[in-house]
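Please look through the sequence and the structure shown here before reading on.

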Amino acid sequence: MSKWRKEEEWMRQVTPATIEQLTADHMALVDFWASWCRPCRASFPEMKKIYARFKDKGFEILGVTNDSRREDWQLPWKQVIDEFPEPYKPARVITMYAAPYLPTLILIGPDGKIIGQAKDKHQLVEWLEERL
């Protein structure tokens, strides 16, 4: 069974080490989002198409959310909760990745190195077509 599908890994709190572990050996998109973010939720239909197109070619998505409304997480890829080490302070992982807003799409190569922050889904698809 893939480490991406283990039930004990599903929807747990994320740390930077978790992202490294879950993105190893894959072309992985880290999607920072929240259920209250309208642009985030509006992006899901297109993201589902992108995921379906590339998932069998070694591509995975890891959704990193900063809320716990699990009923809004009905997506075909893994979802984890960002870590809030201090109340009323920014979440740890989104801060470490310098994600400036939600949604933010960061593509990570199989070697664990950040390829870039996709400005939109068109750029993401271009990067995936070039690399997969």
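## The hairpin of E4 and E5

Strands E4 and E5 are paired in the antiparallel sense, with 4 bridges between them, in a model that is predicted. The two strands form a hairpin with 5 residues between them, and in its turn Gly 112 has a positive phi of about 90°. Within this pairing, Leu 105 stands opposite Ala 118 in E5.

Strand E4 is mostly covered, since 5 of its 5 residues count as buried. Thr 104, Ile 106 and Ile 108 point one way from E4, while Leu 105 and Leu 107 point the other way, and all are buried.

## The sheet as a whole

The protein chain holds 4 helices and 5 strands, and from the N terminus on its elements follow the order α-β-α-β-β-α-β-β-α. The 5 strands form an open sheet of mixed pairing, in the order E3-E2-E1-E4-E5. Strand E3 (78-81) and strand E5 (114-118) stand at the edges with a single partner strand each, so one side of each is left without a neighbour in the sheet. From one strand to the next, the twist averages 25°.

Strand E1 (residues 27-33) has pairings with E2 and with E4. With strand E2 (residues 59-65), E1 pairs in the parallel sense over 7 bridges, and here Val 64 in E2 is the bridge partner of Phe 32. With E4, by contrast, E1 runs antiparallel and is joined by 5 bridges, and Ile 106 in E4 is the bridge partner of Val 30.

## Helices across the sheet

Helix H2 (residues 38-54) lies across E1, E2 and strand E4 (104-108), and its direction is at about 160° to E2. Helix H4 (residues 121-131) lies across E1, E2, E4 and E5, running at about 155° to E5.

In soluble globular proteins, nonpolar side chains tend to be buried together. In this model, the largest nonpolar core has 39 residues, and those with the most contacts inside it are Phe 32 and Phe 59. The elements that give two or more residues to this core are helix H1 (16-23), E1, H2, E2, E3, helix H3 (92-96), E4 and H4; H2 gives the most, with 6 residues.

Which residues does Phe 32 touch, once its neighbours within four places in sequence are left aside? Its contacts are with Val 64, Val 93, Ile 94, Tyr 97, Ala 99, Leu 102, Pro 103, Thr 104 and Ile 106. For the protein chain of 132 residues, 48% count as buried, and among contacts between residues at least 6 apart in sequence, 64% join residues at least 24 apart.

## A cavity in the model

The count comes to 1 cavity of 30 Å³ or more, and about 30 Å³ of space lies in the largest cavity. The residues that line this cavity are Trp 33, Val 64, Asn 66, Asp 82, Ala 91, Ile 94 and Leu 102.

## Gly 109 in its loop

Gly 109 has its place in the loop between E4 and E5. Is this glycine buried or exposed? Gly 109 counts as buried because its relative accessibility is 2%, and buried means under 20%.

Leaving aside neighbours within four places in sequence, Gly 109 is in contact with His 26, Met 27 and Ile 115. Gly 109 and Thr 23 are 86 residues apart in sequence, yet their C-alpha atoms are 8.1 Å apart in space.

Methods
Residues are numbered from 1 along each chain as its sequence is written. This is a predicted model: local features need pLDDT of at least 70, side-chain atom pairs count only at pLDDT 80 or more; totals for chains, interfaces and linings use all residues. Side-chain values use heavy atoms; hydrogens and water are left out. Two strands pair if DSSP finds at least two bridges between them. Axes are lines fitted to C-alpha atoms, for helices over the stretch in contact, and angles run from 0 to 180 degrees between N-to-C directions. Contact means heavy atoms within 4.5 Å. A nonpolar core is a set of buried Ala, Val, Leu, Ile, Met, Phe, Trp, Tyr and Cys residues joined through side-chain atoms within 4.5 Å. Buried means under 20% relative accessible area, exposed over 50%, partly exposed in between (1.4 Å probe, protein chains only). On a 1 Å grid over the protein atoms alone, a cavity is a set of points where a 1.4 Å probe fits but cannot get out, and a pocket is an open set with protein on both sides within 12 Å along at least five of seven lines; lining residues have an atom within 4 Å of a point. Grid points are joined across faces, edges and corners, and a volume is the space filled by probe spheres set on the points.
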